[in-house]
Amino acid sequence: MMTRETKGDLVLSGNSETRGGSFIKVAINGNGTINGDVECKDFECNGSAKIDGDITSQYTVINGSTNIQGNFSSDEINIHGDSTIEGNTLFRSMEIKGHTRLKQFLKGDDIFLEGILKIAGDCEVEKAEFNGAFTIDGLLNADQVAITLHGKSSVKEIGGEMITVKRNRYPILHLDKLIKTLSKELHANLIEGDVVKLEYTKAKVVRGNTVEIGPGCEVEYIEYSSNLQVSEKAVVDKYKKL
Amino acid sequence: MDEGLISKKDLLEQTDITYGQLYRWKRKKLIPDDWFIRKSTFTGQETFFPKEKMIERINRIKELKDHLSLDELANALSPKKKDIKISKKDFIERNIVSSNAVTIFEEQFGELDTITFQTSLYLYLFDKSLETGEVGWEEGKQIIQTLHDHFPKLEEKRASLVVLRKMGVVTVLLVTNPDDLYVDEKTKVAVLLDIETELDKLLNSLVTGGF
């Protein structure tokens with residue numbers, strides 16, 4: 001059942017399928033499929049949606065589950081449910097409180113995660129705050145990277161200015177129910193930053209100006225130029241001052 | 001190790017920049033992704049850069065970053081954006097066109113201080129025409145005048161610059177769609193330049209020159 005309320009709005013309720021287009025507001029409340037590209041100011045999904053095309057919007061709220069087959073570009077993205085994006089994702093700010101899988105790269109200003117995130121490509125942002133568990137197959141490139149581990153996470157490379165990795169001290173209840181908390185640690189091939197502070201991180205190479213290796217870390221090789229601190233509860237195979 | 005490459009570590013040391021800056025510039029596309037070259041070394045994978053290009057690019061970014069925002073810088077460095085401005089000195093020093101071409105241009109349009117992309121294209125086409133040996137300096141001025149008067153009207157259309165010579169007199173044409181062009185037997189096509197092709201070549205030499 002599909003109803004167009006006022007000109008320019010698309011509201012899908014119940015079990016429905018429609019074509020894409022240009023709208024002011026798009027709301028999907030039931031089980032909806034859109035075949036084609038969607039362009040709108042507000043995009044809201046409270047049910048289960050599948051978009052067989054690109055989404056371009058200003059504000060996006062996903063409370064249910066959404067599958068976007070194309071590229072996703074939105075100034076503000078809020079995901080409280082579950083989403084899969086097959087294409088590239090572009091945004092100014094993105095907040096994920098739920099579970100999100102991104103099959104290509106991610107590019108934006110700020111990203112805030114409280115949940116589970118998987119990115120198959122690179123993640124380029126100015127500021128990344130990750131609380132939860134994540135897997136990034138490419139490079140995480142950000143000025144500020146603040147990671148609080150709630151589960152097993154991995155990233156191929158991290159590069160930036162200020163990089164901190166901590167294990168959570170104050171559990172976020174709903175998160176720890178969601179994520180298997182067997183091993184709250186981060187695996188990385190390479191971490192490079194001006195200031196790098198790590199806990200519970202297994203890395204092959206860490207390079208930085210100031211490097212702090214905290215408890216639970218295992219690092220094969222460190223290069224630093226001004227300062228290195230290594231916790232007694234960490235294992236570092238080799239290090240070199242430049 | 002390849003002599004033309006520099007490791008990331010050596011690059012940071014030589015140019016006195018930080019990881020934060022390097023990664024930020026990569027994000028802003030001030031440094032092309034394909035300049036990041038991965039190689040295996042005894043410490044695992046390392047990143048190398050084409051040494052000369054990279055050092056020149058970084059010096060240029062450092063020079064400009066106090067006056068321009070990073071986004072403006074990205075425009076200045078990206079070859080796709082055509083709002084390039086080059087100082088006359090750099091333009092001549094980098095041998096993009098002959099200094100004669102610049103002199104003749106100035107005779108006609110007055111002293112050049114900075115050269116816009118548009119002007120550099122006119123200069124480049126003019127220089128290419130002179131290079132053919134079919135066009136003299138004085139006649140070349142006709143080319144510049146024609147480009148100046150009419151090229152902006154072509155907007156984004158694909159066009160060619162044609163110079164015809166008949167009985168010692170030249171005619172300059174700017175034409176779109178010049179796939180078929182026939183002239184009488186006493187007329188000679190002295191110059192036929194596809195502007196888009198020349199524009200790409202010009203962009204290339206500007207980019208490799210570090211603009």
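How many residues does the contact take from chain B and from chain A? Ten come from chain B and 16 from chain A. This is a predicted model, in which local features need pLDDT of at least 70 and side-chain atom pairs count only at pLDDT 80 or more, while totals for chains, interfaces and linings use all residues. Residues are numbered from 1 along each chain as its sequence is written, and chains are lettered from A in the order in which they are written.

**View 1. The side of chain B that touches chain A.** Helix α2 (residues 19–27) of chain B gives the most to this side, with six residues. Helices are DSSP runs of H or I with at least four residues, and strands are runs of E with at least two. By class, the side has two nonpolar, four polar and four charged residues. Asp, Glu, Lys and Arg count as charged; Ala, Val, Leu, Ile, Met, Phe, Trp, Tyr, Cys and Pro as nonpolar; the others, Gly among them, as polar.

**View 2. The largest nonpolar core.** A nonpolar core is a set of buried Ala, Val, Leu, Ile, Met, Phe, Trp, Tyr and Cys residues joined through C-beta atoms within 7 Å. Buried means that 20 or more other C-beta atoms lie within 10 Å of the residue's own, with C-beta atoms placed from the backbone. This core has 64 residues. Strand β17 (residues 127–149) of chain A gives the most, with eleven residues. Domain 1 (1–104) and domain 2 (113–242) of chain A both contribute, so the core lies between them; the domain bounds come from an automatic or database domain assignment.

**View 3. A second, separate core.** This core of 26 residues includes Leu123(B), Leu125(B), Ile143(B) and Val163(B).

Note on methods. Two residues are in contact if their C-beta atoms, placed from the backbone, lie within 7 Å. A residue is buried if 20 or more other C-beta atoms lie within 10 Å of its own, exposed if 12 or fewer, and partly exposed in between; C-beta atoms are placed from the backbone.
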